[in-house]
Amino acid sequence: MIVVDSSTLILLAKCECLDMFLEHFKNCIISEAVMVEAVKRKNSFDSALIEKRIQEGKILVKKIKNYNAVAETMKAFGLEKGESETIVLAKELKAKAIATDDGKAIKAMKILETPFITALAFVLEKHKTKKIDKEKITGILQSLEKNGRYSKEIINFALKEVLNK
């Protein structure tokens with residue numbers, strides 16, 4: 001089971017890797033705040049795809065039990081509600097990991113010693129295991145650079161790694 005933040009959910013939808021992610025992680029769970037964040041742009045492809053996967057039951061929406069813990073997490077790490085709910089929900093459900101591409105949330109994961117994965121790490125791993133070919137990975141990495149908060153240097157490093165193999 002993995003609990004997913006809106007940043008990763010949206011990035012994976014934008015780079016057309018969401019279904020691969022959902023196939024890999026059979027139990028994909030999001031909080032209510034993440035659902036609101038992820039589907040709020042009604043006229044966008046990524047919002048429509050995420051909403052459809054929720055309706056199909058491929059993404060499960062779970063309610064937080066301890067809202068005090070959410071407020072404490074927000075305050076302790078300077079996080080927004082969605083990221084804080086993701087952390088608390090993962091703890092409540094004893095999830096194996098969290099998927100996030102939010103910089104502050106990643107720092108919190110390191111402090112809390114919580115396993116996490118980013119959209120970039122996921123697609124690079126899928127390329128490494130031959131689930132994404134060289135031609136497709138280039139477009140995915142360009143989409144992550146355009147839509148995510150990845151620097152050109154990080155994307156160029158990833159491109160060199162995948163194209164030199």
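Of the 39 residues in the largest nonpolar core, the ones that touch the most other members are Leu-9, Phe-21, Ile-50, Val-123, Leu-141 and Leu-144. A nonpolar core here is a set of buried Ala, Val, Leu, Ile, Met, Phe, Trp, Tyr and Cys residues joined through side-chain atoms within 4.5 Å; buried means under 20% relative accessible area, exposed over 50%, and partly exposed in between, with a 1.4 Å probe and protein chains only. This is a predicted model, in which local features need pLDDT of at least 70 and side-chain atom pairs count only at pLDDT 80 or more, while totals for chains, interfaces and linings use all residues. Residues are numbered from 1 along each chain as its sequence is written, and side-chain values use heavy atoms, with hydrogens and water left out.

- Helices (H or I, at least four residues) and strands (E, at least two) are DSSP runs, numbered from the N terminus.
- Leu-9 is in contact (heavy atoms within 4.5 Å) with Val-4, Leu-18, Ile-30, Val-34, Ala-38, Ile-50 and Ile-59, leaving aside its neighbours within four places in sequence.
- Another core, of 15 residues, lies apart from the largest one, and its members include Ile-64, Val-70, Ile-87 and Met-109.

**The phenylalanine cluster**

- The structure holds three aromatic pairs. Rings of Phe, Tyr and Trp (its six-membered ring) pair if their centres lie within 6.5 Å; planes under 30 degrees apart count as stacked, over 60 as edge-to-face and the rest as tilted.
- One of these pairs joins Phe-21 and Phe-122 edge-to-face, at 5.1 Å centre to centre with 75 degrees between the planes. Because Phe-21 lies in helix H2 and Phe-122 in helix H8 (residues 119-128), this pair ties together parts that are 101 residues apart in sequence.
- Phe-25 and Phe-122 form a tilted pair, 6.2 Å centre to centre and with 40 degrees between the planes. Phe-25 lies in the loop between H2 and E2, so its pairing with Phe-122 in helix H8 ties together parts that are 97 residues apart in sequence.
- Phe-21 and Phe-122 are buried, and Phe-25 is buried too. Ring pairs link Phe-21, Phe-25 and Phe-122 into a cluster.

**Helix H4 and its buried side**

- In H4 (residues 45-55), the buried residues are Asp-46, Ser-47, Leu-49, Ile-50, Arg-53 and Ile-54. They sit on the same side of H4, because they cover an arc of only 165 degrees around the axis; the arc is that of the directions from the helix axis to the C-beta atoms.
- These buried residues pack against H1, helix H2 (18-24), strand E2 (28-31), helix H3 (32-39) and strand E3 (59-62).
- Ser-47 has a relative accessible area of 2% and is therefore buried. Leaving aside neighbours within four places in sequence, Ser-47 is in contact with Ala-38, Val-39, Lys-40 and Arg-41.
- After H4 comes Gly-57, whose phi is positive, near 80 degrees.

- Thr-100 lies in the loop between strand E4 (97-99) and helix H7 (103-112) and, at 2% relative accessibility, counts as buried.
- A polar atom of the Thr-100 side chain lies 3.1 Å from the backbone nitrogen of Asp-102.
- Beyond residues up to four places away in sequence, Thr-100 touches Asp-5, Ser-7, Thr-8, Ala-105, Ile-106, Ile-117 and Thr-118.

**Positive phi in loops**

- Glu-16 has a positive phi, near 60 degrees, and is a residue other than glycine. Glu-16 is in the loop between H1 and H2 and counts as exposed at 58% relative accessibility.
- Lys-130 is not a glycine, yet has a positive phi of about 70 degrees. Lys-130 is in the loop between H8 and helix H9 (134-147) and counts as exposed at 73% relative accessibility.

Terms used
Polar contact = N/O pair within 3.5 Å; in protein donor to acceptor, adjacent residues only side chain to side chain.
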